[in-house]
Amino acid sequence: MWAIVVRNALMASRNVFFFFELLFWPIVGVLSIGLMTRFLRLTPEQASFVLIGTIALSVVNVCQLEVAYAVLLDVWSKSMKHQFLAPIGIRHLTAGSWLVGMARGLAIFVLLALLGGWAFDFDVLHPGWAALGAFLFGCFLTSWVVGVAVCALITLFGNRAEAFAWASVNLVLVLAGIYYPVSVLPEPVAALARAIPLTYFLDAYRTHYGFPSEFAAPVATGLALSALYAVLAHLAFLAAVRRARRTGLLLKMSE
Amino acid sequence: MLAIDARDVVKTFRSGWFRPRETRALQGVSLAVPRGAIVGLLGPNGAGKTTLLSILATLLTPDSGRVTVLGHDVTREAGALRRRLNMASGRPSFLWSLRVGEIIAFYGRLYGLSGSTLRRRVDALIELCELGPYRRAPYSELSTGLKQRVALAKSLVNDPELLFLDEPTLGLDPDVAGRMREHIARLRREQGITIVLTTHYMREAEELCDEIEFIKGGRILARGTSGELKRQIGLGEVVALKLDPPRVAWLGEAPGVLRCAEADGWVECTVDDAEKRLPELLRALHAEGVIVRNVRVSEPELEEVFVELAK
Ligand SMILES: Nc1ncnc2c1ncn2[C@@H]1O[C@H](COP(=O)(O)OP(=O)(O)O)[C@@H](O)[C@H]1O
Ligand SMILES: [Mg+2]
């Protein structure tokens with residue numbers, strides 16, 4: 001697992017686009033959304049609501065990308081087979097890259113929170129450390145599930161699945177009520193949103209900004225859902241690797 | 001004790017969503033490799049060499065057949081087996097921006113090495129594969145020969161008992177390829193590693209391998225030492241004689257002689273076994289009063305065997 005941590009961290013530090021990826025888009029996102037809240041003359045609470053969504057989106061994106069790097073780096077460098085020749089399980093792969101992902105996600109979070117506080121008087125600590133911790137942990141769990149699901153898709157369908165994988169990720173996040181409460185969604189979509197753990201973590205965090213919770217026990221529900229999906233994603237990835245060993249896709253993705 | 005015991009291995013690749021295609025990559029291959037041996041899989045492109053190697057290395061699951069490697073079943077006990085083997089290929093590919101030392105260390109960690117053990121192993125491998133000056137060079141900037149040496153170093157990181165080398169000298173200059181072969185021969189000599197390598201160079205197989213498996217179209221067509229292979233094909237050995245008088249009529253019908261031809265004043269007799277036939281021929285010629293001025297014995301090139309088999 002440490003092997004993956006070191007590798008991902010090294011690759012991150014070598015990547016010319018690292019800072020771009022880590023800083024640019026999230027900052028642009030927060031600034032533009034923040035300015036929009038001014039233009040629309042939202043109350044400070046409403047502005048916080050939207051900013052929380054933006055920050056969560058950035059954190060989840062960065063973290064899940066890092067988790068997906070567990071296989072993506074190898075797919076891109078065509079060295080897939082070496083990783084699967086070694087006596088490690090996929091849990092080592094995903095856990096290792098998740099650790100790096102959390103570090104990057106945390107960095108992004110701190111940066112965006114500071115930016116939000118400085119530019120838009122947004123106070124992340126208002127709900128207290130415990131609520132903040134639960135919220136971040138929720139974001140990271142969601143990232144893990146999404147990242148592992150992307151790994152599974154890519155191992156199942158090869159490089160072709162990449163674009164599809166990212167698209168589906170973004171769909172999931174938009175449904176999670178990033179910028180609006182779930183109650184504004186039409187019923188079938190709202191049902192989908194209720195199936196996404198991030199929805200609950202967002203909801204729980206936002207109660208501290210004066211938005212009554214739409215759910216009974218949001219944090220517990222979010223955790224339970226995450227755990228369920230984590231197991232499912234893990235099993236899917238496991239099955240995908242087995243299949244790739246059978247079809248020879250594992251070889252095709254190397255050399 | 002066998003390092004590899006594979007029986008009737010079959011593997012068919014299915015590809016294409018619209019028009020499914022089937023490639024019968026292996027059609028019942030059996031292979032037995034004793035510990036400490038170097039065995040070569042020799043065959044043209046698309047013969048199934050890489051497929052067979054990948055199955056033995058647990059990267060691919062066979063459709064049917066029984067495969068036992070180092071006493072482990074490759075599908076049921078893959079985890080335990082993976083610790084004890086490793087693989088390198090002649091067209092290696094690693095994370096482009098990592099440095100040579102980092103690549104070896106990364107794979108070392110995957111095999112559970114850490115701390116000073118890891119550092120010592122990486123140092124030793126860099127020394128062994130003569131990569132010292134390139135330790136800090138990014139992988140993408142290395143030449144083909146160096147990349148292959150990195151691959152070899154990586155494949156030794158877990159101190160494997162069994163090593164698979166897929167076309168280890170592919171695309172190398174002759175002298176660089178020669179050095180790579182020396183490295184390989186030394187691994188077996190000094191560390192007793194069992195090695196299975198694939199190649200489509202006859203010379204390489206002849207020089208390195210105790211036994212050669214000739215594989216084509218997913219089947220093993222012939223096996224044996226290079227000498228046995230030559231005999232098996234019936235190419236025989238050539239006994240060339242310079243005689244006085246220059247022609248002897250009965251030579252073509254002598255026992256063990258497959259055919260006779262004349263070239264540049266030499267009579268070239270292809271015989272089944274030169275060691276046995278040459279004294280017989282000399283005795284017969286002497287008895288006839290023919291003077292033998294010169295004798296030359298040559299083995300057929302494995303190349304000719306290859307051409308013969310590939311037909
Ligand atoms: N991953 C794969 N998917 C589909 N077909 C494959 C795959 N790998 C090899 N093949 C096919 O199987 C046959 C044997 O290939 P291979 O074992 O690579 O041959 P060799 O290594 O002897 O050149 C070839 O016809 C090749 O096209
Ligand atoms: Mg090959």
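**Figure 1. Domain assignment of chain B in the predicted model.** Chain B is divided into domain 1, covering residues 2–230, and domain 2, covering residues 236–300. Taken over C-alpha atoms, the centres of domain 1 and domain 2 of chain B are separated by 44 Å.

**Figure 2. The largest nonpolar core and a separate core.** The largest nonpolar core comprises 154 residues. Those with the most contacts inside this core are A:Leu198, together with B:Ile4, B:Leu56, B:Val69, B:Phe164 and B:Ile195. Helix α3 of chain A (residues 44–76) contributes 17 residues, the largest share of this core. Another core, of 15 residues, lies apart from it and has B:Val239, B:Val248, B:Ala254 and B:Cys269 among its members.

**Figure 3. The surroundings of B:Leu56.** When neighbours within four places in sequence are left aside, the contacts of B:Leu56 include B:Ile4, B:Ala6 and B:Leu31. Also in contact with B:Leu56 are B:Val67, B:Val69, B:Val74, B:Leu81, B:Leu85 and B:Phe164. Of these partners, B:Ile4, B:Val69 and B:Phe164 are listed, as is B:Leu56, among the residues with the most contacts inside the largest nonpolar core.

**Figure 4. The interface of chain A and chain B.** The contact involves 31 residues of chain A and 33 residues of chain B. Between them the two chains bury about 3000 Å², with 64% of this area on carbon and sulfur atoms. A:Leu85, A:Pro87 and A:Arg245 supply 23% of the area that chain A buries against chain B, more than any other three residues. On the side of chain A that touches chain B, at least two residues each come from α1 (2–14), α3, α4 (80–85), α10 (218–247) and α11 (249–252). Helix α1 of chain A gives the most to this side, with eight residues.

**Figure 5. The cis peptide bond between B:Asp244 and B:Pro245.** Omega of this bond is about 0°. B:Pro245 is located in the loop between β11 (237–244) and β12 (257–263) of chain B.

**Figure 6. Positive phi at B:Leu70 and B:Glu167, neither of them a glycine.** B:Leu70 has a phi near 50° and occupies the loop between β4 (64–69) and β5 (72–73) of chain B. Its relative accessible area is 4%, so B:Leu70 is buried. For B:Glu167, phi is about 45°; this residue belongs to the loop between β7 (162–166) and α6 (174–191) of chain B. B:Glu167 counts as buried because its relative accessibility is 12%, under the 20% limit.

How values were computed
Residues numbered from 1 in each chain as written. Chains lettered and ligands numbered in written order. Predicted model: local features only at pLDDT ≥ 70, side-chain atom pairs only at ≥ 80, totals over all residues. Heavy atoms only, no water. Domains from an automatic or database assignment. Core = buried A, V, L, I, M, F, W, Y, C linked by side-chain atoms within 4.5 Å. Buried < 20%, exposed > 50% of the residue type's maximum accessible area, 1.4 Å probe, protein only. Helix = DSSP H or I, 4+ residues; strand = E, 2+ residues; numbered from the N terminus. Contact = heavy atoms within 4.5 Å. Buried area = accessible area lost by both parts, 1.4 Å probe.
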